Amino acid sequence: MTAIKHALQRDIFTPNDERLLSIVNVCKAGKKKRNCFLCATVTTERPVQVNVVKVKKSDKGDFYKRQTAWALRDLAVVDAKDAVKESPEFDLHFDKVYKWVASSTVEKNTFISCIWKLNQRYLRKKIDFINVSSQLLEESVPSGENQNVAGGDEEAVDEYQELNAREEQDIEIMMEGCECAISNAEAFAEKLSRELQVLDGANIQSIMASEKQVNILMKLLDEALKEVDQIELKLSSYEEMLQSVKEQMDQISESNHLIHLSNTNNVKLLSEIEFLVNHMDLAKGHIKALQEGDLTSSRGIEACTNAADALLQCMHVALRPGHDMLRAVKQQQQRFSDLREQFARRLASHLNSVFVQQGHDQSSTLAQHSVELTLPNHHPFHRDLLRYAKLMEWLKNTDYGKYEGLTKNYMDYLSRLYEREIKDFFEVAKIKMTGTTREGKKFATLPRKESAVKQETESLHGSSGKLTGSTSSLNKLSVQSSGNRRSQSSSLLDMGNMSASDLDVADRTKFDKIFEQVLSELEPLCLAEQDFISKFFKLQQHQSISGTAMNEAEEVDGGTLSRSYTSGVPQTVSSEKDMIRQMMTKIFRCIEPELNNLIALGDKIDSFNSLYMLVKMSHHVWTAQNVDPASFLSTTLGNVLVTVKRNFDKCISNQMKQMDEVKISKKSKVGILPFVAEFEEFAALAESIFKNAERRGDLDKAYIKLIRAVFVSVEKVANESQKTPRDVVMMENFHHIFATLSRLKISCLEAEKKEAKQKYTDHLQSYVIYSLGQPLEKLNHFFEGVEARVAQGIREEEVSYQLAFNKQELRKVIKEYPGKEVKKGLDNLYKKVDKHLCEEENLLQVVWHSMQDEFIRQYKHFEGLIARCYPGSGITMEFTIQDILDYCSSIAQSH
């Protein structure tokens with residue numbers, strides 16, 4: 001074990017500046033095969049650190065390696081398992097319990113004893129040694145500094161201690177001075193003993209020689225002690241003298257402290273007073289302005305505004321802790337509250353007076369606008385009131401109740417003022433729209449009272465709510481004979497007393513201008529009022545798009561209409577934006593009903609007016625959307641646009657219904673059907689109205705519906721016609737439709753244009769074939785028999801040998817159709833066609849030319865059969881193709 005200890009000290013601990021004090025060969029409990037060493041070590045450097053190190057032999061060689069180290073101060077318990085019976089097992093409690101089995105009980109006891117001594121010497125830490133024999137703990141805790149608990153034990157434990165470098169060097173020098181040290185150790189020891197005796201003697205002599213010096217030193221010490229006593233006496237007297245000075249200085253210091261504290265308190269008090277005076281003192285000029293300031297002049301309003309702002313600053317000053325408990329502060333705050341209440345009451349009363357006064361001034365100017373189709377200008381009123389905008393903001397921030405009351409009073413008054421102005425304005429518009437009756441009477445447009453205007457407008461409407469004689473130009477659906485549009489009262493729908501010619505372009509243009517002027521007057525009025533409300537009442541106008549009113553006027557299906565506006569305003573808006581909208585809605589609550597009444601009147605005058613209104617209203621809605629998508633004007637116009645779109649759809653639906661219910665005369669030829677001509681009129685008018693319009697899509701949808709209804713109605717009339725052949729009705733009307741669509745170039749009706757052309761071509765060909773029939777009837781029957789024989793298998797050149805179809809029979813048939821007979825038959829055919837066709841469409845020459853071509857085709861067919869079936873016979877027709885051309889030309893010219 002000594003050799004192992006020496007090897008471990010040399011290889012492991014010496015390089016780490018540690019000394020190995022004790023070692024025990026152990027293995028873990030339950031694992032006997034893998035042995036290791038637990039070593040108790042101390043460091044050579046101070047402060048000394050005591051460790052327990054686990055060392056094991058390396059698997060790759062015979063050298064040892066350091067595996068784990070625990071500081072002794074981390075050891076809590078040493079458990080020897082049994083204090084009576086000897087057992088090699090023991091436990092060490094560090095961060096966890098380590099169970100060991102020593103190779104022998106002696107090594108275990110020696111190691112535990114060494115741990116106990118190291119703890120007593122270096123740590124003085126209470127480590128619990130349990131189940132340990134008292135003999136191992138035989139040394140007690142040392143009581144003095146001169147005792148070394150582990151000194152002798154270290155020598156007992158440490159059987160070998162390695163020399164340091166200094167000791168080795170001294171020994172080498174000594175051995176070099178004594179050559180016999182190696183050969184004769186006793187002689188070397190005797191020499192050392194002699195030298196030691198010499199040194200001891202020298203030390204004794206030195207001590208004795210220094211006794212005299214010691215005596216002298218003692219005398220000097222005695223004298224020094226006497227001097228120290230004298231100095232102490234003087235210091236005592238000095239201390240007594242300084243004691244009174246110290247007391248006086250303490251009094252002076254305490255007095256200075258109190259003076260400094262008083263000055264500090266005075267500075268703080270002055271700072272607080274200055275803060276209150278600077279922030280809670282309102283100038284006398286401001287107080288006077290609040291109490292007596294002139295609210296009628298610009299200078300007085302400015303002074304009141306500055307005073308109100310100063311008062312607001314004083315009231316909203318952030319007081320420091322404790323200020324609100326001061327009586328002066330409370331009195332000043334109460335004074336500010338009284339001033340605020342007094343000025344708010346005076347301001348509200350004055351503004352209410354301004355509202356009333358401005359209203360009287362505005363009402364005095366209404367008479368000059370009653371004749372003209374213009375609305376009074378409220379700009380001067382707004383300009384005067386905007387001088388109070390900052391005061392309104394102050395009132396909103398300080399006394400919201402009075403602010404809200406002013407808002408309500410403004411809305412109540414302005415709503416009545418605007419209602420009078422707008423109703424008078426719309427009455428003038430209605431009078432201008434209906435100023436000329438069917439008999440040519442004009443209504444006077446002189447100034448009159450509101451009641452008189454209403455009575456006259458009601459008389460224009462009639463008791464049934466409809467204008468007398470008003471009708472739509474598309475409502476006059478009738479079938480007229482010989483191109484004349486004579487009224488057939490027995491077969492027409494109830495259309496009123498006014499004819500289409502009475503509603504000319506000038507009347508529609510007049511209505512368009514009036515309607516445009518109405519919208520142009522309303523738009524700046526609403527925008528100006530909304531801008532004034534936002535500035536005067538300090539409300540923020542919204543900029544977010546909450547929905548497009550244009551999308552509200554979508555196609556009406558089955559008479560139902562879906563709107564996303566339930567109350568005229570979007571549902572998700574902030575409170576201030578919602579307040580602007582509510583104020584505008586209350587002030588201009590009469591605009592939407594008046595617009596709807598005007599639209600209804602225009603629709604009753606002429607249903608074509610719905611086209612003008614749809615275009616104009618769409619444009620103004622689009623303009624309002626660009627300015628403010630969710631404004632009152634945009635919302636209101638969007639709602640009215642829904643009504644206009646509904647009237648437009650109703651107009652289209654009524655026309656389609658009337659087309660479907662049309663009846664025809666049984667005694668007159670049809671010609672161009674009225675609804676076909678009226679579709680042309682509608683399309684031409686619509687194209688001129690909807691040029692570059694925003695809602696072109698609505699017109700395209702109406703075109704599709706109308707043209708399909710026209711197609712269906714044309715076919716229906718053609719099938720029911722008794723006087724005019726069906727093919728003629730179809731040919732003429734579809735030719736007219738094709739010509740109309742080609743001229744107007746409506747892109748959405750390209751497919752219908754092609755269909756109309758095809759129908760016209762098909763029915764033209766059908767009519768030509770049907771009307772021409774077989775002008776050379778016997779000759780036709782003869783050659784039909786020839787073709788039948790050929791179809792039965794007889795060769796064409798052998799047909800002449802058939803008895804019924806020989807050359808003689810052929811010559812007989814040909815002789816029956818000389819040129820004069822052919823010309824006579826063509827002349828009768830021309831008269832028949834002329835009787836069927838109408839003059840309006842002028843298709844006679846087209847049909848006649850087609851019949852001429854068909855006749856020539858039949859002639860060439862007969863000549864071909866003669867050439868193939870009767871070759872070399874020399875048989876020819878009594879007339880030639882040129883004769884046919886001459887006959888047709890002369891007949892056409894003669895008629």
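Reader: What relative accessibility does Lys81 have?

Author: Heads-up: this is a predicted model, where local features need pLDDT of at least 70 and side-chain atom pairs count only at pLDDT 80 or more, while totals for chains, interfaces and linings use all residues. Residues are numbered from 1 along each chain as its sequence is written, and side-chain values use heavy atoms, leaving out hydrogens and water. Lys81 sits in the loop between β5 (77–79) and β6 (89–93), with strands (E, at least two residues) and helices (H or I, at least four) being DSSP runs numbered from the N terminus. Lys81 counts as partly exposed, the class between buried (under 20% relative accessible area) and exposed (over 50%), using a 1.4 Å probe and protein chains only; its value is 33%.

Reader: What is the phi of Lys81?

Author: Most residues other than glycine have a negative phi. Lys81 isn't a glycine, yet its phi is positive, at about 80 degrees.

Reader: Which loop holds Lys538?

Author: Lys538 also has a positive phi without being a glycine, near 55 degrees. It's partly exposed, because its relative accessible area is 29%. As for its place, look in the loop between α15 (505–536) and α16 (575–587).

Reader: Which residue in β7 is the bridge partner of Phe90?

Author: β6 is joined to β7 (residues 97–102) by 5 bridges, running antiparallel; strands pair if DSSP finds at least two bridges between them. These two strands make a hairpin, with 3 residues between them. Phe90's partner in β7 is Trp100.

Reader: Is Arg34, in the patch of positive charge, buried or exposed?

Author: Lys28, Arg34, Lys60, Lys65 and Lys96 gather in that surface patch, where members have over 30% relative accessible area and no salt bridge, like charges are joined within 9 Å, and nonpolar side chains (Val, Leu, Ile, Met, Phe, Trp, Tyr) would be joined within 5 Å. Lys and Arg count as positive, Asp and Glu as negative, with His and chain ends not counted; charges are placed at NZ of Lys, CZ of Arg, CG of Asp or CD of Glu, and areas come from the Shrake-Rupley method with a 1.4 Å probe, only the protein chains shown counting as cover. Arg34 is in the loop between β1 (18–28) and β2 (35–43). Since its relative accessibility is 56%, Arg34 counts as exposed.

Reader: How far apart in sequence are Asp512 and Lys616?

Author: Their side chains meet in a salt bridge at 4.0 Å, N to O; the term means a side-chain nitrogen of Lys or Arg within 4 Å of a carboxyl oxygen of Asp or Glu. Asp512 is buried because its relative accessibility is 16%, whereas Lys616 is partly exposed at 24%. Asp512 lies in helix α15 and Lys616 in helix α18 (residues 609–627), so the pair ties together parts whose separation in sequence is 104 residues.
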